Amino acid sequence: MNEQSVKLDRMRYTKNTTSSRLALVAIVFNVFYFVSIYKTNVDFYYNLLMGASILYNLVFMLATFLSSEGVKNYKSGYSYVLCALGIIQIARIFILPMKAHATTVTVSGAEMLAMSNGQFVRVVIYLVISAICLFAAAAVNLQKSRALQAHVAGLE
């Protein structure tokens, strides 16, 4: 047996921790995102959009955690879930952060942006890093799961 064959055979007995950890890192950056947004005490944020954002964050974290457990076992279907979640993370940049960054509010008689430039850049970076981690987790899992499937098929 050559070294590559041994690596593939070993995958049958080990977990795909790389993809799983990348998905968990995506959750961490999503937490950074929503803590940054939710700690802001401006009237702009008290609306239905914020409620929907809170619900989505809960669903995102649950779906990503479930996917992180699924990719541990080289299940390729979870890669597509991770890709979809990554696309949604990118799309979220254009919903709440863009809207808040483009809106001015009056605080103590002074006009200011609902989301400052610094906060806007920070939350966009958090969402982009989260999406990159999700895409990377999906790609690694697809590659490993296909290699493992081909190896197992070759054993039969």
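This is a predicted model: local features need pLDDT of at least 70, side-chain atom pairs count only at pLDDT 80 or more; totals for chains, interfaces and linings use all residues.
## Basis of the model

Local features need pLDDT of at least 70 and side-chain atom pairs count only at pLDDT 80 or more, while totals for chains, interfaces and linings use all residues. Residues are numbered from 1 along each chain as its sequence is written, and side-chain values use heavy atoms, with hydrogens and water left out.

## Nonpolar core

The largest nonpolar core has 32 residues. A nonpolar core here is a set of buried Ala, Val, Leu, Ile, Met, Phe, Trp, Tyr and Cys residues joined through side-chain atoms within 4.5 Å. Buried means under 20% relative accessible area, exposed means over 50%, and partly exposed lies in between (1.4 Å probe, protein chains only). The residues with the most contacts inside this core are Tyr33, Ile37, Phe44, Tyr45, Leu82 and Met115. Helices H2 (17–38), H3 (48–72), H4 (77–92), H5 (96–102) and H6 (117–155) each supply at least two core residues. H6 gives the most, with nine. Helices are DSSP runs (H or I, at least four residues), and strands are runs of E (at least two); both are numbered from the N terminus. In soluble globular proteins, nonpolar side chains tend to be buried together.

Met115 touches Ile37, Tyr45, Pro97, Ala100, His101, Phe120 and Val123, not counting residues up to four places away in sequence. Contact means heavy atoms within 4.5 Å. His101 lies in helix H5. With neighbours within four places in sequence left aside, His101 is in contact with Leu113, Met115, Ser116, Asn117 and Phe120. The C-alpha atoms of His101 and Gln119 are separated by 8.9 Å, although these residues are 18 apart along the chain.

## Helix H3

H3 has 25 residues. From first C-alpha to last, H3 reaches 36 Å, close to the 36 Å expected at 1.5 Å a residue. The expected span is 1.5 Å times one less than the number of residues. Buried positions in H3 include Met50, Tyr56, Asn57, Phe60, Met61 and Val71. The buried residues of H3 pack against H2, H4, H5 and H6.

Ser68 also sits in H3. Ser68 counts as buried, at 0% relative accessibility. Ser68 touches Ser20, Ala23 and Leu24, not counting residues up to four places away in sequence.

## The salt bridge

The structure holds one salt bridge. Lys72 forms it with Glu69, the closest N and O atoms being 3.3 Å apart. A salt bridge is a side-chain nitrogen of Lys or Arg within 4 Å of a carboxyl oxygen of Asp or Glu. Because they are three residues apart in helix H3, Lys72 and Glu69 are separated by about one helical turn. An α-helix has 3.6 residues a turn, so residues three or four places apart point the same way. Lys72 counts as partly exposed at 24% relative accessibility. Glu69 counts as partly exposed at 33%.

## Asn30 in helix H2

Asn30 is in helix H2. Asn30 is buried, with a relative accessible area of 0%. Leaving aside neighbours within four places in sequence, Asn30 is in contact with Asn57, Phe60, Met61, Gln89, Arg92, Leu127 and Ser130.

## Loops

Tyr74 is in the loop between H3 and H4. Tyr74 has a positive phi of about 60° although it is not a glycine. Most residues other than glycine have a negative phi. Tyr74 counts as buried, at 9% relative accessibility.

Ile95 is in the loop between H4 and H5. Ile95 counts as partly exposed, at 45% relative accessibility. The C-alpha atoms of Ile95 and Ser53 are separated by 9.6 Å, and the two residues are 42 apart along the chain.

## Nonpolar surface patch

Ile87, Ile90, Phe94, Met98 and Phe135 make a nonpolar surface patch of about 450 Å². Patches are made of residues with over 30% relative accessible area and no salt bridge: like charges are joined within 9 Å, nonpolar side chains (Val, Leu, Ile, Met, Phe, Trp, Tyr) within 5 Å. Accessible areas come from the Shrake-Rupley method with a 1.4 Å probe; for residues, only the protein chains shown count as cover. Phe135 lies in helix H6. Phe135 counts as partly exposed, at 31% relative accessibility.
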